[in-house]
Amino acid sequence: MPSQEEILKADMARARLACALVAYAYGAENASLDGGRHPRRMSFIRQVAMYLLHVGFGMSLARVAHAFGRDRSTAAYACHRVEDARDDPDFDSRVEALEEALRSAPSPAPARP
């Protein structure tokens, strides 16, 4: 059974993967996800990445929030925002493609002793 530290590391790796995937899909530089020159855009990308972790990996909102260094209510808000935006067919198809890409990513290899 994995330790709490191993679970946290895996969650953070999933968060980085989701951020990189969404940033790539939206033509943003992944390195600037903490704000930078376009904080609104990066905030949106982070929200979509949080949604993908919650839906694509089935992570609880508390785990999603912890992986991003945010509060659980922030992760819940992000998921609600993305879910509401999925009424737009173009956005919905993009999120669906991102979900599929994330689900098809290989699982991390177990740590070697």
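1. With which residue does D92 form a salt bridge, and how far apart are the closest N and O atoms? The partner is R86, with the closest N and O atoms 2.6 Å apart, a salt bridge being a side-chain nitrogen of Lys or Arg within 4 Å of a carboxyl oxygen of Asp or Glu. By this rule the count comes to seven salt bridges.

2. This is a predicted model, in which local features need pLDDT of at least 70 and side-chain atom pairs count only at pLDDT 80 or more, while totals for chains, interfaces and linings use all residues. Residues are numbered from 1 along each chain as its sequence is written, and side-chain values use heavy atoms, with hydrogens and water left out.

3. R86 also forms a salt bridge with E96, at 3.3 Å between the closest N and O atoms. R86 is buried at 13% relative accessibility, whereas E96 is partly exposed at 38% (buried means under 20% relative accessible area, exposed over 50%, partly exposed in between, with a 1.4 Å probe and protein chains only).

4. The side chains of E99 and R103 meet in a further salt bridge, 3.1 Å from N to O; E99 is buried at 4% relative accessibility, and R103 is partly exposed at 42%. Salt bridges that share partners join R86, D92, E96, E99 and R103 into one network.

5. As for the cysteines, a search of the whole structure finds zero disulfides (pairs of cysteine sulfur atoms within 2.5 Å). C19 is buried, with a relative accessible area of 8%, and C79 is buried as well, at 9%.
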